[in-house]
Amino acid sequence: QTAPRVDVDDLGQYVGKPVQVWGWLFNSRSSGRIVFLLVRDGTGLVQAVVSQRDVEGRVWDQARRLTQESSLKVTGTVRADERAPGGFELLVQDLELVHLAVDYPITPKEHGVDFLLDHRHLWLRSRRQHAILRIRSTLVGAVREFFDREGFVLVDAPILTPAAVEGTTTLFRTDYFGTPAYLSQSGQLYMEAAAMAFGRAYCFGPTFRAEHSKTRRHLMEFWMVEPEMAWAGLDDICRLAEGLVSHVVGRVLERHRPELALLERDTAPLERVRPPFPRVTYDEAIEILRKNGAAVEWGADFGGDEETILSNAFDRPVFVTHYPAHIKAFYMKPAPDRPEVVLGADLLAPEGYGEIIGGGQRIDDLELLMRRIEEHHLPKEAYEWYLDLRRYGSVPHGGFGMGIERVLAWICGLPHVRETIPFPRTLYRLYP
Ligand SMILES: NC(=O)C[C@H]([NH3+])C(=O)NS(=O)(=O)OC[C@H]1O[C@@H](n2cnc3c(N)ncnc32)[C@H](O)[C@@H]1O
Ligand SMILES: [Mg+2]
């Protein structure tokens, strides 16, 4: 009877029994009459022990000619051994080479990041990248789980759009049958329409910004989740944001301690991510910055340095609200008692990771929104549908956008967002 094919992360259910593992050779070493094969199958790593005296000659010869990342099928009996990776190993009886990998380029020696990014399609197989993207997968699932639980309807926003949301300097333009179209910078405007239909809605997909700068926090293509709520004020928006961030961090801590350990991530800062998060106004933030020696003028936007100083003043993510109107997007609702500031909120992650969420309350008055569109020199005709939301049953509403890559970099403790997305698009990279 053929041994059953099993996943490496299920070996514990087969101790003492013969199984097959189908996978790739991650590494191997030999010691005299024994060869130790480290086999990965996508779910984990297992040590397969080939003892010359226990196998046929062809199996022994095969084991010794295997190369890194050759694909293979290993049959062996499962044995518990806490010294082995994952706590189990296979005592090999049979071995079938499926495809010999010749000169696999990513050898165990160190490689530069550009070399690794040029080979991103293979680099994904390494333990560090595997750990990061497994956490990403859980993060994405936790986002959806949260919004399902909170009664939000998924409404998919278009990628091909007629107009800017976050300023016209970072648009990727494309030709739409002779008409200019732009890759979505944000699904927000469409979520406002969805919120008037469903009450609470969200979109979750790729968004695009032609950022003409090389920074550790910016990608040209990144994934953003964007909830929107009708009848919502700034406090509702902040409470939703802290609930989401606490939920996703909690899920990752529940499920990925081994991966976080492999990434050498100190999880203590993540254990403190629980609501309520502190909130400071822009004015208060200016005071904190000045007390910490930053020479900052009222009215200036905050860059990475200012955000790091601000976030270091708190033990968990911190909201900054009521930014000056002139540094924020056209749709931001002014504070009723102070029109020079807006009811916006950015959430800054600790440890210098900076802005992970941007959002706020939207202008719900038709005349004011039309004036803002004009002040920002935006083509009014491209926003007529958006203005309709203020013509037919306008209500206070708002939401935010959370960048998945920014959150993943923070949770994993990574220095750059390029490792947080399977195939990063940065200023000089469109390959692979
Ligand atoms: N529905 C909304 O209210 C969202 C709103 N229209 C918006 O796009 N806000 S944002 O420009 O601050 O971007 C939101 C977040 O999107 C992330 N973001 C924003 N730009 C980037 C780039 N270039 N790379 C990676 N991540 C990025 C980052 O976490 C920001 O906090
Ligand atoms: Mg922002």
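User: Helices (H or I, at least four residues) and strands (E, at least two) are DSSP runs, numbered from the N terminus. Which residue in strand 13 stands opposite Val280?

Analyst: This is a predicted model: local features need pLDDT of at least 70, side-chain atom pairs count only at pLDDT 80 or more, and totals for chains, interfaces and linings use all residues. Residues are numbered from 1 along each chain as its sequence is written, chains are lettered from A and ligands numbered from 1 in the order written, and side-chain values use heavy atoms, without hydrogens and water. Strand 13 covers residues 318–321. Opposite Val280 in that strand stands Val320.

User: How many bridges join strand 12 to strand 13?

Analyst: Two strands pair if DSSP finds at least two bridges between them. Strands 12 and 13 run parallel. The number of bridges joining them is three.

User: What is the angle between the planes of Phe277 and Phe319?

Analyst: Rings of Phe, Tyr and Trp (its six-membered ring) pair if their centres lie within 6.5 Å; planes under 30 degrees apart count as stacked, over 60 as edge-to-face and the rest as tilted. The structure holds 15 aromatic pairs. Phe277 and Phe319 form a tilted one, 6.2 Å centre to centre. The angle between the planes is 35°.

User: How many residues apart are Phe277 and Phe319, and are both buried or exposed?

Analyst: Phe277 is in the loop between helix 8 (268–271) and strand 12 (279–281), while Phe319 is in strand 13. The pair links distant parts of the chain, 42 residues apart. By relative accessible area (under 20% buried, over 50% exposed, partly exposed in between; 1.4 Å probe, protein chains only), both are buried.

User: How far is an oxygen atom of ligand 1 from an N or O atom in the side chain of Glu355?

Analyst: Of the 22 residues around ligand 1 (a heavy atom within 4 Å), Glu355 is among those that come nearest. A polar contact is a pair of N or O atoms within 3.5 Å. For Arg209, an oxygen atom of ligand 1 is 2.7 Å from a side-chain N or O atom. For Glu355, the value is 2.6 Å.

Methods: Polar contact = N/O pair within 3.5 Å; in protein donor to acceptor, adjacent residues only side chain to side chain.
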